Amino acid sequence: MAVKDPTAVERANLLNMAKLSIKGLIESALSFGRTLDSDYPPLQQFFVVMEHCLKHGLKVRKSFLSYNKTIWGPLELVEKLYPEAEEIAASVRDLPGLKTPLGRARAWLRLALMQKKMADYLRCLIIQRDLLSEFYEYHALMMEEEGAVIVGLLVGLNVIDANLCVKGEDLDSQVGVIDFSMYLKNEEDIGNKERNVQIAAILDQKNYVEELNRQLNSTVSSLHSRVDSLEKSNTRLIEELAIAKNNIIKLQEENHQLRSENKLILMKTQQHLEVTKVDVETELQTYKQSRQGLDEMYNEARRQLREESQLRQDVENELMVQVSMKHEIELAMKLLEKDIHEKQDTLIGLRQQLEDVKAINIEMYQKLQGSEEGMKEKNEIIGRLEDKTNKITAAMKQLEQSDKDLLTQTRTIAMSFVKCASSDAQPQYKLVKDISF
């Protein structure tokens, strides 16, 4: 007869216990018809069975003081594989009453059941065999097929609603012992269903009373804290009221003093106003008298201004006539200068002709010395040329004399214009001086 592997037998027994526990929990919860709490016996046995399944084949870790064998290590690994499990791990670490890793693991299982995600968390854990090998032996239940079967059975727990109070429960010192009597059927169980229903009703009432007591205790503590805060605020308000009364007394004294000072200032200002009123009346009379004299002076000055403005208008008209005459004289001067330039050009041309004639005379005189035969003809030609030169010189003298006459005429015209302009400028200057005065 072949000997069976003891570890395989252990895995089979744990698997059967898990099947019975999960099946009994689902059936009892559905028949119970209410939200499960921590005191429900099938639920307590389920957590004990799950704890034994997770502990199977767990490696012993050596620490500095003792040997450590706990299921918190693999469960803590779930938050790295499944991001939604970070909230459970953080809330488990923040619980104040948990001191051991086993207590944290028990709290983690209860929170996972309330979230209805225990199957999802453990499924992503058993898939990672290489990571589980750091915590479990190769023959452990979580490393074999039995672990996958248990995870599949856990999916049925999603139909259960549980409300577990993890904060006030002592999870560190609980003893995890499987109660096999819950899974053995006998006649007493069949005959005592009514008693179980009554016990369940009593437990519901007990849980309701405990919950009501807990709520009343919380409201009483909140009322105590509120009363303390109200007493503190009342004492603070009393102190502020005393300070405000002192400030009011000081302000009343300052108000009385300011009123007395205000009365004195009012009397002084009234006296000053009476004196200033008399002064203002005298000044007003003097102002009225001076204003009559100023009005007369203003009318006289206005009359003079009208006369002077009329004179100025006349002078300006005369000045415009003189300016037009000046423009005409300047135009005549420009014409005379142009005529002088033309005559000078003709004079220059005549001088050039005279020089040419002189050159011809010299040339002819030289030729005359060389040729005695044409001397008479040349003498005649010379005579004619001399007549022409005399005529040209006479014409040049006449032109020069006419130029001199023109220059003297222009100078006399300019001098007469300057004298006329200076004689007109003196009354204009006098008129401007009178107006400015």
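What covers the buried residues of α2? The cover includes α1, α3, α6, α7 and α9, where buried means under 20% relative accessible area, exposed over 50% and partly exposed in between (1.4 Å probe, protein chains only). Helices here are DSSP runs (H or I, at least four residues), numbered from the N terminus. This is a predicted model, so local features need pLDDT of at least 70 and side-chain atom pairs count only at pLDDT 80 or more, while totals for chains, interfaces and linings use all residues. Residues are numbered from 1 along each chain as its sequence is written, and side-chain values use heavy atoms, with hydrogens and water left out.

**Helix α2**
- Of the 15 residues in α2, 11 are buried, among them Leu43, Phe46 and Phe47.

**Aromatic pairs**
- You'll find three aromatic pairs in the structure (ring centres within 6.5 Å; planes under 30 degrees apart are stacked, over 60 edge-to-face, the rest tilted; for Trp, the six-membered ring is used).
- Phe46 and Phe47 make a tilted pair, 5.6 Å centre to centre with 55° between the planes.
- Phe46 counts as buried because its relative accessibility is 1%, and Phe47 is buried too, at 5%.
- Tyr82 and Tyr121 pair edge-to-face, at 5.3 Å centre to centre and 70° between the planes.
- That pair links distant parts of the chain: Tyr82 sits in the loop between α4 (78-81) and α5, and Tyr121 in helix α7, 39 residues apart.
- Tyr82 is partly exposed at 22% relative accessible area, whereas Tyr121 is buried at 0%.

Note on methods: Helices (H or I, at least four residues) and strands (E, at least two) are DSSP runs, numbered from the N terminus. Contact means heavy atoms within 4.5 Å.
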